[in-house]
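I opened this entry to record what I looked up around the ligand and along the backbone.

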Amino acid sequence: MTSSKMAAAATSVSTDDLAQFILNTLDRDGAIASSADLRFQGQQVENQALHGALTSLERREMITYETIEFDKWVLTAEGADIEANGSHEAKVFNAIPADGLAIGDLGKKVGAESAKIGQGKAFKNKWIGKGKDGKLVRLVATIRDVTQEDLATIKKTHAHSDAKVLAELKKRKLCDKEKVTHYRVAKGTHFSTVIVKQATDLTVDMLLSGSWQNLDFKKYNFDALGQEPSGGHLHPLMKVREEFRQIFFEMGFEEMPTNRYVESSFWNFDALFQPQQHPARDMHDTFFLKNPATSNRFPKACMEQVKQVHSTGGFGSIGYGYDWKEEEAEKLLLRTHTTAVSSNMLYKLAHQEGGFTPAKYFSIDRVFRNETVDATHLAEFHQVEGVIADVGLTLGDLIGFINVFCQKMGVTNIRFKPAYNPYTEPSMEIFSYHQGLGKWVEIGNSGMFRPEMLGPLGLPDNVRVIAWGLSLERPTMIKYGIDNIRELLGHKCDLEMIQKNPICRLDKKMGREN
Ligand code: PHE
(Lines give C-alpha, C1' and ligand atoms only; values in the text may rest on other atoms or scores of the structure.)
Protein backbone atom coordinates (compact mmCIF):
# COMPACT_ATOMS: atom_id res chain seq x y z
CA MET A 1 0.00 0.00 0.00
CA THR A 2 1.35 3.45 -0.79
CA SER A 3 1.49 5.94 2.03
CA SER A 4 -1.33 8.02 0.55
CA LYS A 5 -3.57 4.96 0.44
CA MET A 6 -2.67 4.24 4.04
CA ALA A 7 -3.66 7.75 5.04
CA ALA A 8 -6.96 7.35 3.24
CA ALA A 9 -7.60 4.07 5.01
CA ALA A 10 -6.80 5.64 8.37
CA THR A 11 -9.18 8.55 7.92
CA SER A 12 -11.98 6.20 6.92
CA VAL A 13 -12.19 5.09 10.56
CA SER A 14 -14.86 7.30 12.10
CA THR A 15 -13.71 9.20 15.18
CA ASP A 16 -17.08 8.59 16.81
CA ASP A 17 -16.88 4.81 16.26
CA LEU A 18 -13.34 4.75 17.52
CA ALA A 19 -14.22 6.83 20.59
CA GLN A 20 -17.08 4.45 21.36
CA PHE A 21 -14.74 1.49 20.97
CA ILE A 22 -12.23 3.05 23.40
CA LEU A 23 -14.97 3.62 25.99
CA ASN A 24 -16.22 0.04 25.60
CA THR A 25 -12.69 -1.30 26.00
CA LEU A 26 -12.15 0.79 29.14
CA ASP A 27 -15.50 -0.37 30.50
CA ARG A 28 -14.53 -4.01 29.96
CA ASP A 29 -10.82 -3.91 30.92
CA GLY A 30 -10.69 -0.97 33.33
CA ALA A 31 -7.72 0.59 31.49
CA ILE A 32 -5.67 0.36 28.31
CA ALA A 33 -2.02 -0.18 29.23
CA SER A 34 -0.81 0.33 25.68
CA SER A 35 -2.72 1.23 22.57
CA ALA A 36 -0.33 -1.03 20.65
CA ASP A 37 -2.49 -3.93 21.76
CA LEU A 38 -5.75 -2.42 20.53
CA ARG A 39 -7.41 -4.08 17.59
CA PHE A 40 -10.34 -2.15 16.17
CA GLN A 41 -12.35 -3.97 13.50
CA GLY A 42 -9.55 -6.54 13.45
CA GLN A 43 -6.83 -3.97 12.72
CA GLN A 44 -4.24 -2.00 14.59
CA VAL A 45 -5.44 1.57 14.84
CA GLU A 46 -3.50 4.27 13.09
CA ASN A 47 -2.08 6.74 15.62
CA GLN A 48 -3.49 9.85 14.01
CA ALA A 49 -7.07 8.60 14.19
CA LEU A 50 -6.48 7.33 17.70
CA HIS A 51 -5.11 10.66 18.86
CA GLY A 52 -8.15 12.46 17.45
CA ALA A 53 -10.56 10.19 19.34
CA LEU A 54 -8.52 10.40 22.55
CA THR A 55 -8.33 14.20 22.59
CA SER A 56 -12.03 14.56 21.95
CA LEU A 57 -12.81 12.18 24.85
CA GLU A 58 -10.27 13.87 27.09
CA ARG A 59 -11.78 17.29 26.43
CA ARG A 60 -15.04 15.93 27.83
CA GLU A 61 -13.10 14.49 30.76
CA MET A 62 -14.42 11.02 29.91
CA ILE A 63 -10.88 9.63 29.80
CA THR A 64 -7.32 10.58 30.61
CA TYR A 65 -4.39 9.47 28.53
CA GLU A 66 -0.62 9.57 28.47
CA THR A 67 1.67 9.38 25.51
CA ILE A 68 4.38 6.75 25.69
CA GLU A 69 7.23 7.13 23.26
CA PHE A 70 9.92 4.56 22.73
CA ASP A 71 12.38 3.25 20.17
CA LYS A 72 11.43 0.26 18.10
CA TRP A 73 14.20 -1.74 16.42
CA VAL A 74 13.44 -3.25 13.05
CA LEU A 75 15.44 -5.26 10.53
CA THR A 76 16.56 -3.81 7.24
CA ALA A 77 16.02 -5.88 4.08
CA GLU A 78 19.55 -7.24 4.40
CA GLY A 79 19.02 -7.93 8.10
CA ALA A 80 15.81 -9.81 7.34
CA ASP A 81 17.64 -11.93 4.73
CA ILE A 82 20.34 -12.84 7.26
CA GLU A 83 17.75 -13.59 9.89
CA ALA A 84 16.12 -16.03 7.46
CA ASN A 85 19.17 -17.55 5.75
CA GLY A 86 22.11 -17.03 8.11
CA SER A 87 25.01 -14.58 8.19
CA HIS A 88 27.54 -14.30 5.40
CA GLU A 89 30.17 -15.95 7.61
CA ALA A 90 27.83 -18.83 8.47
CA LYS A 91 27.04 -19.27 4.77
CA VAL A 92 30.76 -19.41 4.05
CA PHE A 93 31.30 -21.97 6.86
CA ASN A 94 28.39 -24.12 5.69
CA ALA A 95 29.62 -24.04 2.09
CA ILE A 96 32.92 -25.69 3.00
CA PRO A 97 32.79 -29.53 2.82
CA ALA A 98 34.91 -31.83 5.02
CA ASP A 99 37.69 -32.06 2.40
CA GLY A 100 37.95 -28.32 1.93
CA LEU A 101 37.08 -25.93 -0.87
CA ALA A 102 39.21 -24.10 -3.38
CA ILE A 103 39.02 -20.37 -2.71
CA GLY A 104 38.05 -19.71 -6.29
CA ASP A 105 34.90 -21.82 -5.90
CA LEU A 106 33.49 -19.99 -2.84
CA GLY A 107 31.88 -17.22 -4.83
CA LYS A 108 30.05 -19.72 -6.99
CA LYS A 109 28.60 -21.44 -3.91
CA VAL A 110 27.56 -18.50 -1.69
CA GLY A 111 27.52 -15.58 -4.07
CA ALA A 112 30.13 -12.87 -4.48
CA GLU A 113 28.90 -10.65 -1.65
CA SER A 114 28.72 -13.33 1.03
CA ALA A 115 32.09 -14.67 -0.15
CA LYS A 116 33.67 -11.25 0.23
CA ILE A 117 32.18 -10.23 3.58
CA GLY A 118 31.80 -13.69 5.13
CA GLN A 119 35.28 -15.00 4.47
CA GLY A 120 37.08 -12.43 6.60
CA LYS A 121 34.61 -12.79 9.44
CA ALA A 122 34.78 -16.59 9.36
CA PHE A 123 38.57 -16.34 9.54
CA LYS A 124 38.37 -13.86 12.40
CA ASN A 125 35.97 -16.14 14.28
CA LYS A 126 38.48 -18.96 13.71
CA TRP A 127 35.75 -21.03 12.05
CA ILE A 128 37.79 -21.61 8.94
CA GLY A 129 41.45 -21.62 7.94
CA LYS A 130 43.71 -22.47 5.04
CA GLY A 131 44.74 -26.15 4.48
CA LYS A 132 48.17 -27.22 3.25
CA ASP A 133 46.94 -27.40 -0.29
CA GLY A 134 45.69 -23.79 -0.04
CA LYS A 135 42.07 -24.89 0.21
CA LEU A 136 39.64 -23.41 2.72
CA VAL A 137 38.96 -25.86 5.55
CA ARG A 138 36.70 -25.91 8.60
CA LEU A 139 38.53 -25.45 11.93
CA VAL A 140 35.55 -26.33 14.12
CA ALA A 141 32.84 -28.95 13.85
CA THR A 142 29.86 -26.68 14.55
CA ILE A 143 29.26 -22.95 14.80
CA ARG A 144 26.74 -20.65 16.47
CA ASP A 145 25.51 -17.95 14.14
CA VAL A 146 25.28 -15.17 16.75
CA THR A 147 24.39 -12.48 14.19
CA GLN A 148 21.41 -14.53 13.03
CA GLU A 149 20.36 -15.16 16.63
CA ASP A 150 20.63 -11.45 17.51
CA LEU A 151 18.61 -10.48 14.46
CA ALA A 152 15.98 -13.06 15.38
CA THR A 153 15.71 -11.52 18.84
CA ILE A 154 15.30 -8.05 17.34
CA LYS A 155 12.73 -9.27 14.84
CA LYS A 156 10.70 -10.82 17.62
CA THR A 157 11.01 -8.23 20.39
CA HIS A 158 12.00 -5.06 18.47
CA ALA A 159 14.75 -4.67 21.06
CA HIS A 160 17.98 -6.25 22.35
CA SER A 161 19.40 -6.30 25.86
CA ASP A 162 22.92 -5.47 24.67
CA ALA A 163 23.21 -1.92 23.40
CA LYS A 164 26.61 -2.70 21.87
CA VAL A 165 25.07 -5.40 19.70
CA LEU A 166 22.39 -2.97 18.50
CA ALA A 167 25.00 -0.33 17.71
CA GLU A 168 27.14 -2.86 15.84
CA LEU A 169 24.21 -4.24 13.81
CA LYS A 170 23.01 -0.74 13.01
CA LYS A 171 26.50 0.13 11.79
CA ARG A 172 26.38 -2.95 9.56
CA LYS A 173 23.00 -1.65 8.28
CA LEU A 174 21.24 -4.83 9.37
CA CYS A 175 18.80 -3.11 11.68
CA ASP A 176 17.53 0.39 12.41
CA LYS A 177 15.63 2.38 15.02
CA GLU A 178 12.11 3.79 14.60
CA LYS A 179 10.25 6.11 17.01
CA VAL A 180 6.87 4.79 18.06
CA THR A 181 4.13 6.36 20.06
CA HIS A 182 1.60 4.46 22.10
CA TYR A 183 -1.07 5.72 24.41
CA ARG A 184 -1.92 4.61 27.93
CA VAL A 185 -5.59 5.28 28.60
CA ALA A 186 -7.61 5.41 31.83
CA LYS A 187 -11.14 6.39 32.79
CA GLY A 188 -11.75 10.09 33.37
CA THR A 189 -13.92 11.83 35.96
CA HIS A 190 -16.90 11.89 33.59
CA PHE A 191 -16.40 8.35 32.31
CA SER A 192 -19.40 6.76 30.69
CA THR A 193 -19.94 4.43 27.76
CA VAL A 194 -22.54 6.79 26.37
CA ILE A 195 -21.27 9.76 24.38
CA VAL A 196 -23.83 12.52 24.74
CA LYS A 197 -23.83 14.86 21.80
CA GLN A 198 -22.53 18.20 23.01
CA ALA A 199 -24.30 21.43 22.30
CA THR A 200 -22.20 23.96 20.42
CA ASP A 201 -24.60 26.90 20.41
CA LEU A 202 -26.70 28.55 23.06
CA THR A 203 -29.98 29.27 21.34
CA VAL A 204 -32.97 31.43 22.23
CA ASP A 205 -35.08 28.25 22.47
CA MET A 206 -32.71 26.75 25.03
CA LEU A 207 -32.92 29.91 27.11
CA LEU A 208 -36.70 30.11 26.92
CA SER A 209 -37.33 26.46 27.73
CA GLY A 210 -34.56 26.27 30.32
CA SER A 211 -33.17 23.19 28.53
CA TRP A 212 -29.70 24.74 28.61
CA GLN A 213 -29.44 23.69 32.25
CA ASN A 214 -29.35 20.00 31.33
CA LEU A 215 -27.16 20.26 28.29
CA ASP A 216 -23.54 19.37 27.97
CA PHE A 217 -21.85 22.29 26.19
CA LYS A 218 -18.79 21.80 24.09
CA LYS A 219 -15.84 23.64 25.57
CA TYR A 220 -14.22 26.40 23.57
CA ASN A 221 -10.93 25.38 22.11
CA PHE A 222 -8.90 28.51 22.58
CA ASP A 223 -5.87 26.82 21.04
CA ALA A 224 -7.56 26.31 17.70
CA LEU A 225 -5.87 28.26 14.96
CA GLY A 226 -8.15 30.69 13.22
CA GLN A 227 -8.34 31.17 9.52
CA GLU A 228 -5.57 33.47 8.42
CA PRO A 229 -6.89 36.74 7.04
CA SER A 230 -5.84 37.30 3.46
CA GLY A 231 -5.40 41.03 4.00
CA GLY A 232 -6.59 43.93 6.07
CA HIS A 233 -8.53 47.12 5.69
CA LEU A 234 -8.39 50.26 7.75
CA HIS A 235 -11.69 51.46 9.09
CA PRO A 236 -12.58 54.88 7.64
CA LEU A 237 -12.21 56.39 11.11
CA MET A 238 -8.66 55.12 11.26
CA LYS A 239 -7.95 56.51 7.80
CA VAL A 240 -9.13 59.96 8.80
CA ARG A 241 -7.29 59.63 12.11
CA GLU A 242 -4.07 58.96 10.23
CA GLU A 243 -4.55 62.11 8.15
CA PHE A 244 -5.20 64.16 11.29
CA ARG A 245 -2.13 62.73 12.96
CA GLN A 246 -0.01 63.82 10.01
CA ILE A 247 -1.40 67.36 10.27
CA PHE A 248 -0.47 67.47 13.96
CA PHE A 249 2.99 66.11 13.29
CA GLU A 250 3.47 68.65 10.50
CA MET A 251 2.64 71.39 12.99
CA GLY A 252 5.14 70.09 15.53
CA PHE A 253 2.77 68.37 17.96
CA GLU A 254 3.62 65.37 20.15
CA GLU A 255 1.12 62.53 20.60
CA MET A 256 -0.21 61.97 24.11
CA PRO A 257 -0.51 58.43 25.49
CA THR A 258 -4.22 57.68 25.36
CA ASN A 259 -4.12 53.97 26.10
CA ARG A 260 -6.17 54.31 29.29
CA TYR A 261 -9.94 54.22 28.82
CA VAL A 262 -10.46 54.04 32.56
CA GLU A 263 -9.62 57.22 34.47
CA SER A 264 -10.33 58.53 37.91
CA SER A 265 -12.90 61.30 38.24
CA PHE A 266 -9.97 63.36 39.45
CA TRP A 267 -8.30 63.68 36.02
CA ASN A 268 -11.53 63.60 34.08
CA PHE A 269 -13.42 66.22 36.17
CA ASP A 270 -11.84 67.58 39.37
CA ALA A 271 -8.51 68.63 37.89
CA LEU A 272 -10.58 70.37 35.18
CA PHE A 273 -12.33 72.56 37.74
CA GLN A 274 -15.58 70.76 37.06
CA PRO A 275 -17.64 70.92 40.28
CA GLN A 276 -18.61 67.65 41.91
CA GLN A 277 -22.33 68.44 41.55
CA HIS A 278 -21.97 69.11 37.81
CA PRO A 279 -24.68 67.25 35.87
CA ALA A 280 -22.06 65.64 33.56
CA ARG A 281 -20.92 63.64 36.57
CA ASP A 282 -24.30 62.02 36.78
CA MET A 283 -24.65 58.32 36.03
CA HIS A 284 -26.89 59.25 33.15
CA ASP A 285 -24.03 60.98 31.38
CA THR A 286 -21.01 59.02 32.55
CA PHE A 287 -20.21 55.31 32.78
CA PHE A 288 -18.82 54.63 36.24
CA LEU A 289 -16.97 51.43 37.04
CA LYS A 290 -18.33 48.87 39.48
CA ASN A 291 -15.27 46.75 39.98
CA PRO A 292 -12.90 48.27 40.90
CA ALA A 293 -15.04 51.28 41.65
CA THR A 294 -12.35 53.62 42.93
CA SER A 295 -8.68 54.53 42.75
CA ASN A 296 -6.76 57.12 44.73
CA ARG A 297 -3.65 56.98 42.61
CA PHE A 298 -3.37 60.68 41.88
CA PRO A 299 -0.83 63.10 43.37
CA LYS A 300 -1.93 64.17 46.83
CA ALA A 301 -0.31 67.64 46.83
CA CYS A 302 -2.07 68.45 43.57
CA MET A 303 -5.30 67.03 45.00
CA GLU A 304 -5.08 69.37 48.00
CA GLN A 305 -4.78 72.35 45.66
CA VAL A 306 -7.69 71.14 43.54
CA LYS A 307 -9.74 70.70 46.71
CA GLN A 308 -8.90 74.20 47.82
CA VAL A 309 -9.65 75.88 44.52
CA HIS A 310 -13.03 74.11 44.31
CA SER A 311 -14.06 74.82 47.90
CA THR A 312 -12.51 78.15 48.90
CA GLY A 313 -10.82 79.41 45.76
CA GLY A 314 -7.29 80.46 44.87
CA PHE A 315 -5.26 81.59 41.85
CA GLY A 316 -7.38 84.70 41.70
CA SER A 317 -10.68 82.82 41.96
CA ILE A 318 -13.31 82.64 44.70
CA GLY A 319 -13.95 78.98 43.84
CA TYR A 320 -17.33 77.29 43.98
CA GLY A 321 -17.69 77.33 47.76
CA TYR A 322 -18.77 73.76 48.42
CA ASP A 323 -17.47 70.86 50.46
CA TRP A 324 -15.13 69.02 48.05
CA LYS A 325 -14.90 65.28 48.73
CA GLU A 326 -12.01 63.00 47.87
CA GLU A 327 -14.37 59.99 47.56
CA GLU A 328 -16.02 61.67 44.60
CA ALA A 329 -12.64 62.25 42.89
CA GLU A 330 -11.68 58.59 43.44
CA LYS A 331 -14.60 57.23 41.43
CA LEU A 332 -13.36 55.36 38.37
CA LEU A 333 -15.06 55.99 35.04
CA LEU A 334 -14.69 55.50 31.33
CA ARG A 335 -13.17 58.81 30.29
CA THR A 336 -15.81 61.13 28.91
CA HIS A 337 -13.30 63.25 27.00
CA THR A 338 -9.63 63.11 26.07
CA THR A 339 -9.14 66.28 28.12
CA ALA A 340 -8.69 63.81 31.03
CA VAL A 341 -5.44 62.80 29.34
CA SER A 342 -4.50 66.45 28.68
CA SER A 343 -4.90 67.42 32.36
CA ASN A 344 -2.68 64.53 33.40
CA MET A 345 -0.09 65.48 30.75
CA LEU A 346 -0.08 69.14 31.82
CA TYR A 347 0.57 68.03 35.41
CA LYS A 348 3.52 65.97 34.17
CA LEU A 349 4.76 68.87 32.06
CA ALA A 350 4.74 71.17 35.11
CA HIS A 351 6.55 68.57 37.23
CA GLN A 352 9.09 67.32 34.70
CA GLU A 353 12.79 67.51 35.53
CA GLY A 354 14.00 71.04 34.99
CA GLY A 355 10.46 72.40 35.23
CA PHE A 356 8.00 73.64 32.63
CA THR A 357 8.93 73.99 28.97
CA PRO A 358 6.54 75.02 26.15
CA ALA A 359 4.73 72.06 24.62
CA LYS A 360 2.32 71.11 21.83
CA TYR A 361 0.36 67.93 22.45
CA PHE A 362 -2.39 66.11 20.60
CA SER A 363 -4.45 62.97 20.97
CA ILE A 364 -7.00 61.11 18.89
CA ASP A 365 -8.78 58.35 20.74
CA ARG A 366 -11.98 56.93 22.09
CA VAL A 367 -14.21 58.45 24.75
CA PHE A 368 -17.44 57.21 26.33
CA ARG A 369 -20.71 58.86 27.23
CA ASN A 370 -23.84 57.31 28.61
CA GLU A 371 -26.07 58.76 25.91
CA THR A 372 -29.16 57.54 24.16
CA VAL A 373 -28.04 56.10 20.87
CA ASP A 374 -29.53 57.68 17.76
CA ALA A 375 -28.54 58.46 14.16
CA THR A 376 -25.84 60.90 15.20
CA HIS A 377 -24.92 59.70 18.72
CA LEU A 378 -23.24 56.61 20.05
CA ALA A 379 -22.21 55.81 23.61
CA GLU A 380 -18.61 55.92 22.42
CA PHE A 381 -16.84 58.05 19.88
CA HIS A 382 -13.44 59.51 19.09
CA GLN A 383 -12.09 62.90 20.01
CA VAL A 384 -9.33 64.83 18.32
CA GLU A 385 -7.67 67.16 20.78
CA GLY A 386 -4.89 69.71 20.47
CA VAL A 387 -3.25 71.43 23.46
CA ILE A 388 -0.60 74.15 23.38
CA ALA A 389 1.11 75.42 26.51
CA ASP A 390 3.38 78.45 26.39
CA VAL A 391 4.07 81.75 28.07
CA GLY A 392 1.67 84.51 27.12
CA LEU A 393 -0.59 82.73 24.61
CA THR A 394 -3.79 84.59 23.73
CA LEU A 395 -7.23 83.85 22.34
CA GLY A 396 -5.89 85.14 19.02
CA ASP A 397 -3.35 82.33 19.02
CA LEU A 398 -6.13 79.82 19.59
CA ILE A 399 -8.22 81.19 16.73
CA GLY A 400 -5.16 81.25 14.52
CA PHE A 401 -4.17 77.67 15.30
CA ILE A 402 -7.68 76.36 14.75
CA ASN A 403 -7.86 78.17 11.43
CA VAL A 404 -4.58 76.69 10.24
CA PHE A 405 -5.53 73.26 11.50
CA CYS A 406 -8.94 73.37 9.80
CA GLN A 407 -7.47 74.64 6.56
CA LYS A 408 -5.08 71.72 6.58
CA MET A 409 -8.15 69.47 6.90
CA GLY A 410 -9.65 71.18 3.90
CA VAL A 411 -12.20 73.17 5.95
CA THR A 412 -11.90 76.86 5.15
CA ASN A 413 -15.12 78.47 6.29
CA ILE A 414 -14.82 78.71 10.07
CA ARG A 415 -16.74 80.67 12.66
CA PHE A 416 -16.54 80.80 16.44
CA LYS A 417 -19.34 81.17 18.91
CA PRO A 418 -18.95 81.91 22.62
CA ALA A 419 -19.62 78.88 24.75
CA TYR A 420 -19.19 77.55 28.27
CA ASN A 421 -16.90 74.85 29.66
CA PRO A 422 -16.09 74.59 33.36
CA TYR A 423 -12.38 74.40 32.53
CA THR A 424 -11.96 77.07 29.82
CA GLU A 425 -12.49 80.81 29.77
CA PRO A 426 -13.13 82.11 27.23
CA SER A 427 -14.65 79.11 25.47
CA MET A 428 -15.63 78.93 21.82
CA GLU A 429 -17.62 76.46 19.79
CA ILE A 430 -16.21 75.95 16.31
CA PHE A 431 -18.62 76.01 13.37
CA SER A 432 -18.00 75.21 9.75
CA TYR A 433 -20.25 75.90 6.78
CA HIS A 434 -21.53 72.62 5.37
CA GLN A 435 -22.11 72.92 1.63
CA GLY A 436 -24.31 69.83 1.39
CA LEU A 437 -26.56 70.77 4.29
CA GLY A 438 -26.41 74.47 3.39
CA LYS A 439 -25.91 75.49 7.00
CA TRP A 440 -23.33 76.07 9.73
CA VAL A 441 -22.57 72.91 11.70
CA GLU A 442 -20.70 72.61 14.96
CA ILE A 443 -17.44 70.77 14.46
CA GLY A 444 -15.71 71.34 17.77
CA ASN A 445 -15.16 73.12 21.00
CA SER A 446 -12.22 75.09 22.30
CA GLY A 447 -10.94 77.51 24.89
CA MET A 448 -8.18 78.76 27.12
CA PHE A 449 -7.74 76.62 30.21
CA ARG A 450 -8.70 78.51 33.36
CA PRO A 451 -6.13 79.53 36.01
CA GLU A 452 -8.23 77.45 38.47
CA MET A 453 -7.19 74.42 36.42
CA LEU A 454 -3.59 75.35 35.57
CA GLY A 455 -2.60 76.58 39.04
CA PRO A 456 -3.27 73.33 40.92
CA LEU A 457 -1.57 71.37 38.12
CA GLY A 458 1.59 73.32 39.00
CA LEU A 459 2.04 75.41 35.85
CA PRO A 460 3.81 78.77 36.27
CA ASP A 461 1.58 81.89 36.52
CA ASN A 462 2.52 83.31 33.14
CA VAL A 463 1.83 80.10 31.20
CA ARG A 464 -1.34 80.02 29.15
CA VAL A 465 -2.78 76.85 27.66
CA ILE A 466 -5.04 76.88 24.62
CA ALA A 467 -6.89 73.77 23.49
CA TRP A 468 -9.49 72.52 21.09
CA GLY A 469 -11.41 69.32 20.61
CA LEU A 470 -13.15 67.90 17.56
CA SER A 471 -14.98 64.67 16.98
CA LEU A 472 -13.42 62.23 14.56
CA GLU A 473 -16.77 60.79 13.54
CA ARG A 474 -18.25 63.97 12.16
CA PRO A 475 -15.57 64.74 9.55
CA THR A 476 -15.38 61.03 8.68
CA MET A 477 -19.12 60.85 8.06
CA ILE A 478 -18.98 63.98 5.91
CA LYS A 479 -15.93 62.70 4.01
CA TYR A 480 -17.43 59.27 3.34
CA GLY A 481 -21.02 60.41 2.88
CA ILE A 482 -22.36 58.33 5.77
CA ASP A 483 -25.35 59.85 7.51
CA ASN A 484 -26.13 57.31 10.21
CA ILE A 485 -23.36 56.85 12.74
CA ARG A 486 -24.48 53.27 13.34
CA GLU A 487 -23.40 52.45 9.80
CA LEU A 488 -19.91 53.59 10.75
CA LEU A 489 -19.41 51.98 14.16
CA GLY A 490 -20.89 49.11 16.10
CA HIS A 491 -22.58 45.82 15.28
CA LYS A 492 -24.65 47.18 12.40
CA CYS A 493 -21.55 48.28 10.57
CA ASP A 494 -21.22 46.59 7.18
CA LEU A 495 -17.78 45.00 6.79
CA GLU A 496 -17.96 45.48 3.05
CA MET A 497 -18.17 49.22 3.64
CA ILE A 498 -14.81 49.00 5.42
CA GLN A 499 -13.29 46.89 2.68
CA LYS A 500 -14.50 49.02 -0.19
CA ASN A 501 -14.25 52.64 0.91
CA PRO A 502 -11.47 54.65 -0.69
CA ILE A 503 -8.38 56.01 0.98
CA CYS A 504 -8.81 59.34 2.73
CA ARG A 505 -7.48 62.39 0.93
CA LEU A 506 -8.05 65.63 2.72
CA ASP A 507 -8.30 68.58 0.41
CA LYS A 508 -5.37 70.40 1.96
CA LYS A 509 -5.80 73.99 0.80
CA MET A 510 -2.86 75.42 2.77
CA GLY A 511 -0.06 74.16 0.56
CA ARG A 512 -1.60 75.59 -2.61
CA GLU A 513 -2.68 78.95 -1.25
CA ASN A 514 0.67 79.84 0.28
N1 PHE B 1 -13.33 68.39 26.26
C2 PHE B 1 -14.21 69.11 25.37
C3 PHE B 1 -15.35 68.19 24.94
O4 PHE B 1 -15.40 67.08 25.37
C5 PHE B 1 -13.48 69.63 24.18
C6 PHE B 1 -12.50 70.68 24.56
C7 PHE B 1 -11.17 70.38 24.59
C8 PHE B 1 -12.90 71.96 24.91
C9 PHE B 1 -10.25 71.31 24.95
C10 PHE B 1 -12.01 72.92 25.24
C11 PHE B 1 -10.68 72.59 25.28
O12 PHE B 1 -16.19 68.60 24.19
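**Ligand site and backbone notes**

I began with threonine 339, where a polar side-chain atom lies 2.7 Å from a nitrogen atom of the ligand; I keep in mind that this is a predicted model. I then looked up glutamine 383, which places a polar side-chain atom 2.9 Å from an oxygen atom of the ligand, and histidine 337, whose side chain has an N or O atom 3.1 Å from a nitrogen atom of the ligand. Taken alone the ligand exposes 320 Å², of which the protein buries 91%.

The space that the ligand takes is the largest pocket, and the elements giving two or more residues to the shell around the ligand are β12 (380-391), β15 (439-449) and β16 (463-471). I noted 14 residues surrounding the ligand, with His337, Thr339, Arg369, Gln383 and Tyr423 as the closest, and by class the shell holds three nonpolar, nine polar and two charged residues.

Next I turned to the peptide bonds. Asparagine 291 and proline 292 are joined by a cis peptide bond with omega about 0°, and proline 292 belongs to the loop between α12 (265-268) and α13 (300-311).

Last, I checked phi. Glutamate 61, although not a glycine, has a positive phi of about 60°; this residue sits in the loop between α3 (47-59) and β4 (63-75) and counts as partly exposed at 31% relative accessibility. Phenylalanine 315, not a glycine either, has a positive phi of about 55°, lies in the loop between α13 and α14 (326-330), and is partly exposed with a relative accessible area of 37%.

Technical notes
Residues are numbered from 1 along each chain as its sequence is written. This is a predicted model: local features need pLDDT of at least 70, side-chain atom pairs count only at pLDDT 80 or more; totals for chains, interfaces and linings use all residues. Side-chain values use heavy atoms; hydrogens and water are left out. A residue is near a molecule or strand if one of its heavy atoms lies within 4 Å of it. A polar contact is a pair of N or O atoms within 3.5 Å; within protein, one must be able to donate a hydrogen and the other to accept it, and residues adjacent in sequence count only if both atoms are side-chain atoms. Accessible areas come from the Shrake-Rupley method with a 1.4 Å probe; for residues, only the protein chains shown count as cover. On a 1 Å grid over the protein atoms alone, a cavity is a set of points where a 1.4 Å probe fits but cannot get out, and a pocket is an open set with protein on both sides within 12 Å along at least five of seven lines; lining residues have an atom within 4 Å of a point. A molecule sits in a cavity or pocket if more than half of its atoms lie within 2 Å of its grid points. Helices (H or I, at least four residues) and strands (E, at least two) are DSSP runs, numbered from the N terminus. Ala, Val, Leu, Ile, Met, Phe, Trp, Tyr, Cys and Pro count as nonpolar, Asp, Glu, Lys and Arg as charged, and the others, Gly among them, as polar. Buried means under 20% relative accessible area, exposed over 50%, partly exposed in between (1.4 Å probe, protein chains only).
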